[in-house]
Amino acid sequence: MITLGHFLALSAVLFAIGLFGVITRRNLIAVLMSVEILLNAAAIAFAATAAYKDPVFFSGQLFALFIMVVAAAELSIGFAILLNVFRHTGSAATDVVEEMRG
Amino acid sequence: MSVLGFAILAGLIIAGALVVVLSENIVHAAVALAFTFFFVAGLYVLLGSPLLAVIQFAVNAAAIPILTLFIIMTTQSRRIRPASGVFYLVAGFLALVFLVGLWGYLGAPETAFRPLGPEGLGVRLLTVTLLPFEVASVLLLLAMVGAVVLARRREE
Amino acid sequence: MITLTIVLLLALGGLGVALAAPLLKRGSGVLAGVTMAIFALAMILAVAGFNERALIFGSLEASPLTALAVLLLSAAGFFVAWGNLARGEELWGGPGEFFAFLLWGALGGVLLVGSTNLLLFFLGLELSAYATYVLAAYDRDRKESAEGAMKYLVLGALSSAILLYGFALVYAGTGSMEFAAIRAAFLKGAPALALLGALLALVGLGFKLALVPFHAWVPDAYQGARPVAAAYLASAPKIAVGLGLAALFVRAFGPPDAVTQSLLVLALFSFVFGNLWALAQTNLKRLLAYSTIAHMGYLALGLAIGGTFGYAAAGFYLLAYLIAGGAAFFALEAAEAAGVPSTIEGWKGLFKRAPGLSVLAAIAFLSLAGVPGLAGFLAKLYVFAASAKVGLFAVLVVAVLTTVLGYYYYFRVLQAAFLEAPKEEGRLSVNPSLLALLFVLAGLSILFGVWPAGAFSGLEQAFRVLIGL
Amino acid sequence: MSYLYASHLYWIPLLPALGFLVVILLGRLFKGRSAGYFTTLVMAIVAFLASGLLVEALQAAPQWAVEGGEAVLVRPALPGFPFTFDWSWLAIQGERGVHFTLYVDQLGAIVLFMVAWASLFIHLFSIGYMDGEERYATFFAYLQLFTAAMLTFVAAGDFFIALLAWEVMGLMSYLLIGFFFKKKSAQQAMKKAFITTKFADLGFMVGLFWLYKETGTFQMVEVGQAAEHLAAGVALAIGLLFFLAAMGKSAQFPLHVWLLDAMEGPTPVSAMIHAATMVAAGVFLMARFYPVLEAGHALPYLAWVGAITALFAAVLGAAFADVKKILAWSTVSQLGYMFLGLGVFGWAAAMFHLVAHAFFKALLFLGSGSMIHGAKTQDIFEMNRLARYMPWTYGTFLIGAAALMGIPPFAGFWSKDLILHMAEEHAPLLWAMGLVAAFFTAFYTTRLIVIAFHHPSYESPWKKAPWNQGCPALNLGPEDCPPEPPPPPDHHPHESEPVMITALLGLAVFSVAVGLWGSPIFGQKLLTYLYEGAAPEILPPAKLMGGYLLGTLIALAGLFTAVALYAKDPLKQRLPDPVVAALQRRLYIDEFYYKVVARVAQWPTDLLWIIDTYVVDFLVDLTGYAVGAFGQALRWLNSGKVATYAAYIVLGAILLILGGVRW
């Protein structure tokens, strides 16, 4: 018997992996990919909760849909800015954006 | 619901995500991302929501990885320089603590599982969430205009 | 209906500007005028519909608080649009589209504050955040702009993912997306999962408010952005999230002690570390950025205290900060446009070269420092009074002491500008439209500094309705 | 019932404050005498408003009549009276805090009227008197701000606002004493005034916060209501703390030392601040504070201090040669009478004397200014038959002097005798002291007039006296405080210009009118307005007749003694040297402060200096350095690395989760 707890646990693991990725990846594209994992972890939690606990409105699954929209929008702006970074530095590694500090 | 199906999907999702965050080859990571999202779509099927699964497949498992690969090619990224060991340790520790911290709270009460068909979801999308739906369109428009403005070639 | 009109006005106004922009390649002044007119109209409508109560499409609540958000956000947008008149044409890659992002960003903030469910709250937050990502990156010819915006975006995405996950847990804990149902669940005794979710949501909102330790993007993003854009980054999201946090607390979370206590700790960290960091800065944009962190700490203190008075104090802080912080950035913009770099070194002897600008900038800095007679002083006083009222004396003492640090670094800037000798001779020609804007903002600082009663009673009214008193 | 002037009463203090701002900010635009004309115009408007306010207040005030020695209420106060204006500036809703409250009852209206008009005449006089001085516009700006503060103080309905105004007055007094700051003596005098009055002001602050702790309010009306619930000991302690402040401000023994040296300031300032208004603020404060004083049984202290001061200062007044210093002693002495009056339940009598004194003392001071202007010296012995050269000054000075001496029918006669009558009823010993003081008052006034106005110029015995070399009262030697040069031997004084004479005439008219207003000739009208149903001062003339007769006789005795002594040979010294020296050196009190108190105080001061230099400075430097270094050191936290920043966010989230578990 699969319960909501299983889904939430899976999403938590996925979220932890995403966090790990955001911190360790040294390429901006890879960092953004890790963020995508985070968003999907949240979407799984939403969708599962809708199926288990929100039988009338199912709003969690609607939320999951919107998360995809948000993810796409975020990525498009992120890549546009990334292109600017690349244009200035010729690289997409994180260390090219470490000039300003303090 | 099939326990076995969930276990297999969960294992594949976690494995895919691990490849995404660990692989030193960025193309591998992007492909692994696509697979991870594909398996997440499978999870949505398991939750009785084929509509969500289809959109997940179309957007997250297809469009986004393709966009990512496109950017990877544009920026000619190949390998990701690995972070120093200390960093892995710190990050691993943080992720672990986060997970453990969450774990204590998980375990929602047992409730019955009730799927909802695509029609129901569609109707709710345009009634319950009509305003968010419209807002999402503005959000996409903003992203589009923003991306165009930021990435447009300089006109001399 | 008035609130719906405002929402449509902002959304369609943004669309119209975005469509017209490519056609008017050299006409960004016209679009600035149109944008200012739209914001002015929105403000008028908000005043007219201040007491409107309605639920729009089941997810947007028209209330005095929403009207307040419209007023403040429109004011911020109005001033930034005005400030952009000076060098708007130089903004390569879309001088006209700039204004669309102002309008959409304001729209996002309004939706966030007025939302009655997690979904619209999140979308509003993202809308306003994306607008600021783009604006942070707008100065494309400078590498710093791309760098700051990239950091902002990556960290912003991380924090909104954490917020989103928090919302998911709130949803999982309470089984509903609607604030009313969530609040009912919280009042029955917050489910552990939902409480955890609320704390994670606080992380995401704390990031937008630039609270320590979620602050690190702020100086880099501000330094990279052009000062007008930084003025928007420093005001609009703060207004939206500041008011939104109050709304979220009251409408959805109860608010439980765990969340307000956490916010209090974040506030404490922010005004201590923000002020300490600001001490060490020589770049004025970074100095303002760190001081923003400190100011948001004081703001968060008011929010953590809560109640009509605490929220109204925080609201007044937002108002005072919007005026003075905006003015400080516009002063940097004016100085940069006249060829003065935004560093303490560069500002030396500015008074001799541009007396009008220096005096107006001084009013802004003095208000930020909290000198009596200006709005910033009363804002701090209200927040301190609120914390004294609930007996947070230890926090109060720390807050007052760190204010002294603030005096030190703001006065350091003024000392350089007024008392030291300029490096170069010759009067600077300062853009008259920016000077006029600074004049208006200085006037507002003084106005609210000597006559806070009107604004404050409006704020109290809005939050009284929110709390349901 | 609507009151035109009362509903706009805040303009009265606001206008001079704005005048100050205008003159200070646009100082360069005011050329020549324009700053003087401008501020005088402002004061004219204020005086007009204050007059309107007074008329409205007297109409609205409760009306009393005197019938057979009893005060009978004819009509109670009209609704809306006393006038209040409340601007809850910093007040938090539902909290009592500081309210910017103005409160004007009949006493307030009368004193506002007095301050406004006196200030107007002093502004007018200064136009001519200060002509050609450096910082002409600044002088008028200071006068404006001082006037604004004094008006705020009088109208304050909240003790906290009163304290603020009180401090501003003190500041302006300090700045104006040192207006000629190039003179060493002026510097020393301003320091002395500052230290003395600040010491006294501590009483106000401590008392005020204690009062707030006990009653929970700063509002005067509420304090008055709460006074009777205070424990007697607490009320006494608070009352004495406030009285300490009043003693400092009103120069009562033993804190009188600063007022004599405050005469270093320009003469109009002496008239305005150190005779007519600010020094009376202490008396006024005591009047506003009366309920607490009564509750604490503190009144005998006031009476004793007042009587001692009145006598002591009147005696010393007879030993000086500097016209301004004689008048300063006279002021100290008259203020003593007011405290005596308050202390013997003569509340209305004291207030009557306050108003009357303000006008005639301002007149005398401005008259002395005119004399100094014409004669080019402050020493009465060096003045050359001024009566012959300055008829207008002479005439008006005589009116003021008659009022001061208590010659009927001039103002001082009515008010002082009323105070003495109250003293006779409640404290015969103090009454006797008051009578002796009255004798000396007449004596020194006549001496001043005879020597300055009727005698030719002599070489001043004052300047020759060995005990007067330098300024011992200011702890300055002859090199730092050389005697003023005498006027050239053939100097012929001249009458002052018309603006100054106008001011003198105006004040003369007012000082006569105010006296008559409170006299039995016109039914003690002024006193019935001041009457609050608590003090039995309103008496039929028959009862007072004995007192009036005695007062007149004593005044005449003093007058004739002085004429007899000084008409022929003013230079003859009739007392042994040590006595004269002691009197002229102010009984060595000032020197005692400097020599003994200051030396004993030097030890802790030295210690403090050492601590300050080596410990506090070091700590301050260290703190500043440490904080700066801390800020610098913390910069590395913001390393610029995205990953680090992300780690902070995650770490913050974890801490919040773990913290959240605790709750």
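Across the interface of chain C and chain D, 6 residue pairs are in polar contact, both residues at pLDDT 80 or more. The model is predicted. Between chain B and chain A, the count is 1 salt bridge.

**Chain C against chain D**

- Chain C brings 39 residues to the contact, and chain D brings 27 residues.
- About 2,900 Å² is buried between chain C and chain D, with 76% of it on carbon and sulfur atoms.
- Several helices of chain C each put at least two residues on the side that touches chain D: α6 (143–174), α8 (192–209), α9, α11 (257–279), α16 (375–389), α18 (432–450) and α19 (453–467).
- Helix α11(C) has the largest share of that side, with 8 residues.
- By class, the side of chain C that touches chain D holds 29 nonpolar, 5 polar and 5 charged residues.

**Chain B against chain A**

- Here 77 residues of chain B are in contact with 66 residues of chain A.
- The buried area between chain B and chain A is about 6,500 Å², and carbon and sulfur atoms give 78% of it.
- B:Arg81 and A:Asp95 join their side chains in a salt bridge, at 2.1 Å from N to O.
- Between chain B and chain A, 13 residue pairs are in polar contact, both residues at pLDDT 80 or more.
- On chain B, α1 (3–22), α2 (26–46), α3 (50–74), α4 (85–103), α5 (118–127) and α6 (130–151) each supply at least two residues of the side that touches chain A.
- The largest share of that side, 11 residues, belongs to α3(B).
- The side of chain B that touches chain A splits into 58 nonpolar, 14 polar and 5 charged residues.

**Helices α9 and α10 of chain C**

- The axes of α9 (residues 217–224) and α10 (residues 227–253) of chain C come within 8 Å and cross at roughly 135°.
- The two helices, α9(C) and α10(C), are therefore oblique to each other.
- From α9(C), the contact uses C:Trp217, C:Ala221 and C:Tyr222. From α10(C), C:Ala230, C:Leu233, C:Ala234 and C:Lys238 take part.
- The residues of this contact between α9(C) and α10(C) comprise 6 nonpolar, no polar and 1 charged.
- Helix α9 of chain C is also among the helices that supply at least two residues of the side touching chain D.

Technical notes: Residues numbered from 1 in each chain as written. Chains lettered and ligands numbered in written order. Predicted model: local features only at pLDDT ≥ 70, side-chain atom pairs only at ≥ 80, totals over all residues. Heavy atoms only, no water. Axes fitted to C-alpha atoms, helices over the stretch in contact; angles between N-to-C directions. Helix = DSSP H or I, 4+ residues; strand = E, 2+ residues; numbered from the N terminus. Parallel < 35°, antiparallel > 145°, perpendicular 65-115°, else oblique. Contact = heavy atoms within 4.5 Å. Nonpolar A, V, L, I, M, F, W, Y, C, P; charged D, E, K, R; others polar. Buried area = accessible area lost by both parts, 1.4 Å probe. Polar contact = N/O pair within 3.5 Å; in protein donor to acceptor, adjacent residues only side chain to side chain. Salt bridge = Lys/Arg side-chain N within 4 Å of Asp/Glu carboxyl O.
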